[in-house]
Amino acid sequence: MALVVTARSPVEAQSSLLRRVLVRARPGRWLTSGAAIVYGLALVSESLARLAPSAESTRFATVVVGAIAIGLIVSACVAAWLTRRDDGGLLLSVTLAVVLVASRAIATAVLLALFLAPLADVVEAALGLLVLGCLVWAAAATLVAPRVTAPATAAETQLFRRVAVATSLVIFGAGLSGGVVRAVGASWACVGAFPDCNGLGLLPLGRDPLADLQLYHRLLAYVTLGLVGWLTVEAFRTQGVRLGRASSILLGCTILEGGVGGLSVSMSNPPLGQVLHTAAAAATWSAAVTLVVLSGRSAPTAQRVTRNSRSKAVAYVQLTKPRVMSLLLATTAAAMIIAARGMPSVGVFLATLLGGALMSGGAGAINHYVDRDIDPLMGRTAWRPIPSGVISPRAALRFGIGLAVLASAVFIAFVNVLAWLLALVGLLGYVFIYTLWLKRSTPSNIVIGGAAGAIPPLVGWAAVNGEIGSLTAWYLFAIIFFWTPPHFWALSLLIRKHYERAGIPMLPVVRGEDETRRQIVLYSLLLVVLTLVLSPFGMMGPIYFAAAAVLGGLFIRNAVRLWRQATPQAARQLYLYSILYLFALFAAMAVDRVVS
């Protein structure tokens, strides 16, 4: 047997030599850092050119700085792929930066060609911040070595990192909202000495749409300052000098950005003030991303700690019952659009959905606490956070009450008291009337208790109009009220044995499956008739009537099929279709009201 020795080709040898040289020279450090710094300067230069479009020197400087930044970004990407192939996070950040730079140029050009200059400014600002964030992340990753914390500080380190990530997202939202304010000309909507707005106080929301945009931007800035202040104190208390210094830098940038912004507003937004505000915003965003990277590199590396923290975070999300929440928010949003005959005020719309999500999540968490004695007996619920031991009952109760308190604050501050009272009635009805009383005492539990789930449309209506005297609002309530029994009874047919094991008197357990299927057909007929009378009474138009007729026909067909076939497959099909039915029906209402 001959031994064959093959030599590397000249191309392979040169490539290997180049890689060794690059690894020893370690160009990634200065390339990524230089790219981040120059790209930040490019964003500031773009802001200056936007304010002085006729200045040729400014435009030329912007083009030059932008070209240098792009060159550095591409070079950093190539160097990372040649020398740091084992660092997946670094490769992702620099590659994403290149993709985002190209996407930003293309999207801006397309939107300008379509004469959508304000939207182009917003997209340009958002993608610019994302590019800067990727570059700062890459620079920090190449400059900072990982540091393992002691096991005693593992929980505190994980909490610190989560708050740092949340703070960076809020800062990004504040930067994006600032871009919106600048793009639509809302920078001059508030006059007077900061923080006053038009002589009306601190946050006089709801008086002028343009002023509202600036006020929401200010609100995000206030939230940012509070979060950054907490991070700074907590960093020095538990995380050590490195994160303490990084948090202090972030706090300084945040205060500087807020001070420049407030002074600029007080001076009627001179061009220099706007440019300095942009520079301070870029510095704040960069400091926030750096803090996230540093906190990640100071986090405990034990796999078990990471996995447990992730499982607990997922468990807290599960406590809020996100699937149920999505249905409630969909009906709330549709009711608001119907009540406003179009898109309501963005501020009220978002605040109502946020408050509704928090209140719904609080109700779900308290429901988990109340049902902790029967959940282990049912295979469907034995995996829930409390019976599985991931979250303690007391922690779940505190979490639910905390969400309800936050929801109340959002409703009272940004919506109105009536919407808050209705949302609170929904929570109390679900927890006390349905979960604690009806669910465990009568087979009519879901019929009567379903009223709690039918309140969200009233919340949406009250948020827009400040009253619930309209017949249309109560028809929306009635539709969900009559939809709930066939929807939930279809599910109870699938898990009848679970309810029987837990001693819950659901209709299939007490009256039998045949009677349950008959009741499903009757309630389905009542539901479809109720949805169809909206158009003849002038509450909805032909678009909704056509959709309701088709959707209702399919609902009745599935209910009759379940009655005749009496199979688990038919019950599952009706259960799943009923969810789609409610989404589609309320979407058809919203479309019909807007078009009409």
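The chain holds 1 disulfide, a term used here for a pair of cysteine sulfur atoms within 2.5 Å. This bond links Cys190 with Cys197, at an S to S distance of 2.0 Å. A disulfide is a covalent bond between the sulfur atoms of two cysteines. The link of Cys190 and Cys197 is left-handed, with -70 degrees about the S-S bond.

The model is predicted: local features need pLDDT of at least 70 and side-chain atom pairs count only at pLDDT 80 or more, while totals for chains, interfaces and linings use all residues. Residues are numbered from 1 along each chain as its sequence is written, and side-chain values use heavy atoms, with hydrogens and water left out.

Cys190 and Cys197 are both buried, where buried means under 20% relative accessible area, exposed means over 50%, and partly exposed lies in between (1.4 Å probe, protein chains only). Cys77 has a relative accessible area of 12% and is therefore buried. Cys134 also counts as buried, because its relative accessibility is 10%.

The secondary structure consists of 22 helices and 0 strands; helices (H or I, at least four residues) and strands (E, at least two) are DSSP runs, numbered from the N terminus. Of the contacts (heavy atoms within 4.5 Å) between residues at least 6 apart in sequence, 74% join residues at least 24 apart.
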